[in-house]
Amino acid sequence: MSNQEFKVSGNDVVNKVKEIIKEGNARRIIIKNEKHETMLEVPVTIGAVGALIAPVLAALGAMAALVTNCTIEVEKKD
């Protein structure tokens, strides 16, 4: 398993998460604020992606209004 990290502005969080999910090799996505506190952690499985994507993106949109910068950590399958 490998991890990747992206620093993005609050406005770009939703688009970056959509891009990561579209790639299809993420196992878990963790969103952290400027203080490196976990704000949202989402397990991504093939069966659950369709059912979970809308509420997750809605939550991300709400969070984006609260943060200026954040870190997206992606746990990927090897």
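Which residues are buried in H1?

Modeller: Happy to! Keep in mind that this is a predicted model. In helix H1, the buried residues are Val 13, Val 14, Lys 16, Val 17, Ile 20 and Ile 21. Looking around the helix axis, these residues cover an arc of only 165 degrees, so they sit on the same side of H1.

Now let's see what H1 contributes to. The largest nonpolar core has 21 residues, and those touching the most other members are Val 17, Ile 29, Ile 31, Leu 60 and Ile 72. Two or more core residues come from each of these elements: strand S1 (2–9), helix H1 (13–23), strand S2 (26–32), strand S3 (38–43), helix H2 (46–64) and strand S4 (69–76). H1 provides the largest share, with five residues.

Leaving aside residues up to four places away in sequence, Ile 29 touches Val 17, Ile 20 and Ile 21, and its other partners include Leu 40, Val 42 and Ile 72. Val 17, Ile 20 and Ile 21 are also among the buried residues of H1.

Finally, look at what comes just after the helix. There, Gly 24 takes a positive phi of about 85 degrees. In general, most residues other than glycine have a negative phi.

How values were computed. Residues numbered from 1 in each chain as written. Predicted model: local features only at pLDDT ≥ 70, side-chain atom pairs only at ≥ 80, totals over all residues. Heavy atoms only, no water. Core = buried A, V, L, I, M, F, W, Y, C linked by side-chain atoms within 4.5 Å. Buried < 20%, exposed > 50% of the residue type's maximum accessible area, 1.4 Å probe, protein only. Helix = DSSP H or I, 4+ residues; strand = E, 2+ residues; numbered from the N terminus. Contact = heavy atoms within 4.5 Å. Arc of directions from axis to C-beta.
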